[in-house]
Amino acid sequence: MANEKPEPKRPLIRVSDFDFYYGEKQALFDINMDMRENEVTAFIGPSGCGKSTLLRCINRMNDLVEVARIGRGKIEVNGADIYDPRVDTIELRKRVGMVFQKSNPFPKSIYENVIYGLRIQGINKKSTLDEAVERCLKGAALWDEVKDRLDTSGLSLSGGQQQRLCIARALAVEPDILLMDEPCSALDPVATAKVEELIHSLKSEYTIVIVTHNMQQAARVSDKTAFFYLGKLIEMAKTDQIFMSPKNEQTEAYISGRFG
Ligand SMILES: Nc1ncnc2c1ncn2[C@@H]1O[C@H](COP(=O)(O)OP(=O)(O)OP(=O)(O)O)[C@@H](O)[C@H]1O
């Protein structure tokens, strides 16, 4: 039928009634949101509003912060509570990969950087590793630039190439979800455009959550945008709606540059 609405995508990440603290300081207040499969969700909002905190809660990176604790609520990935004590965080982080603000290749060859996670899993068969290197570097749109020098150091690449190498490394363990914490903030406009194109192409296979300070970037790459302020989720909607007709006055003030 011509007017039939497309099936809504499945919520792969669900945050419910979520409060989060660093010591006595509450950083997130009563967060409720879904992030859907094969969509890019952007987190925006002024500095210190809790974007990175929530992102890091989605693969339990905050477990590494001694004073960090959940006050209330839960986060589910694919229907399973990720804070259940039986969850193996190493397995979780394989399914929920992370790309950081500052690219962090290891002081190893390009080849070894890509397959680092596979070596840790004990995979050493050359044909499997060769295949993964090609697949992931192609997936990260870097293959053509480096295929003739896979043995050179990852640190010899440009900043934008290093960031794509880190994305290739995240892809190697075949995650379902990629969390990106300001992945372009250290890149020039040309490298930024490449990473943005890459984000766009990756969403057919992955569910992506990106923290960005750059509102044009949120508008360019994301399907949904979530605006946070002082630890609260103020508004989340389709990106076009957030940028063209936000419902909340604070969202409107932020996206029009009146504060933040
Ligand atoms: N490891 C930590 N220990 C204590 N407090 C922290 C820690 N990390 C973040 N915070 C606090 O939690 C609040 C939210 O910080 P968070 O980094 O999540 O914000 P953000 O929106 O990502 O900010 P920015 O855009 O500047 O990166 C801030 O008040 C911050 O000071």
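**Entry 1: the ligand shell**

I started with the ligand and sorted the residues of the shell around it: five are nonpolar, six are polar and one is charged. A reminder to myself before going on: this is a predicted model. I then wrote down the names, which are Tyr22, Ala27, Gly45, Ser47, Gly48, Cys49, Gly50, Lys51, Ser52, Thr53, Val65 and Val67. Which helix gives the most to this shell? I found that helix H1, residues 51–57, does, with three residues.

**Entry 2: the annotated stretch**

Next I looked up the UniProt record, an unreviewed entry, and it annotates residues 13–255 as "domain: ABC transporter". Over those residues I read off 37% helix and 27% strand.

**Entry 3: helix H5**

I moved on to H5, residues 126–139. Its 14 residues reach 20 Å from the first C-alpha to the last, close to the 20 Å expected at 1.5 Å a residue. Which residues of H5 are buried? My list reads Ala132, Val133, Cys136, Leu137 and Gly139. They cover an arc of only 150 degrees around the axis, which puts them on the same side of H5. I kept a general rule beside this: an α-helix has 3.6 residues a turn, so residues three or four places apart point the same way.

What do the buried residues of H5 pack against? I noted helix H3 (110–114), helix H4 (116–120), helix H6 (143–146) and H7. On the face turned away from the buried side I found the exposed residues Ser127 and Glu131.

I also stopped at Thr128, which sits in H5. Buried or exposed? Thr128 has 12 C-beta neighbours inside 10 Å, and a residue with 12 or fewer is exposed, so Thr128 counts as exposed. From Thr128 I looked across to Thr207, 79 residues away along the chain, and their C-alpha atoms are separated by 25 Å. After H5 comes Ala141, with a positive phi near 55 degrees.

H7 runs over residues 159–172, and its 14 residues should span 20 Å at 1.5 Å a residue; the end C-alpha atoms are 20 Å apart, which agrees. Here 13 of the 14 residues are buried, so H7 is largely enclosed by the rest of the structure.

Glu174 is not a glycine, yet its phi is positive, about 55 degrees. I counted Glu174 as partly exposed, with 16 other C-beta atoms within 10 Å.

**Entry 4: Glu182 and helix H8**

In the loop between S7 and helix H8 (189–202) I came to Glu182. Glu182 also has a positive phi without being a glycine, in this case about 45 degrees. With 21 other C-beta atoms within 10 Å, Glu182 is buried.

The 14 residues of H8 should span 20 Å at 1.5 Å a residue, and the end C-alpha atoms, 20 Å apart, agree with that. In H8 I marked Lys194, Val195, Leu198, Ile199 and Leu202 as buried. Their arc around the axis is only 140 degrees, which puts them on the same side of H8. The cover over these buried residues includes strand S3 (40–44), H7, S7, strand S8 (207–211) and helix H9 (215–221). Which residues are exposed on the other side of H8? I wrote down Pro189, Val190 and Ser201.

Notes. Residues are numbered from 1 along each chain as its sequence is written. This is a predicted model: local features need pLDDT of at least 70, side-chain atom pairs count only at pLDDT 80 or more; totals for chains, interfaces and linings use all residues. A residue is near a molecule or strand if its C-beta atom, placed from the backbone, lies within 6 Å of it. Helices (H or I, at least four residues) and strands (E, at least two) are DSSP runs, numbered from the N terminus. Ala, Val, Leu, Ile, Met, Phe, Trp, Tyr, Cys and Pro count as nonpolar, Asp, Glu, Lys and Arg as charged, and the others, Gly among them, as polar. UniProt positions are given in the numbering used here, feature names are shortened, and annotations may be inferred rather than shown by experiment. The expected span of a helix is 1.5 Å times one less than its number of residues. A residue is buried if 20 or more other C-beta atoms lie within 10 Å of its own, exposed if 12 or fewer, and partly exposed in between; C-beta atoms are placed from the backbone. The arc is that of the directions from the helix axis to the C-beta atoms. Two residues are in contact if their C-beta atoms, placed from the backbone, lie within 7 Å.
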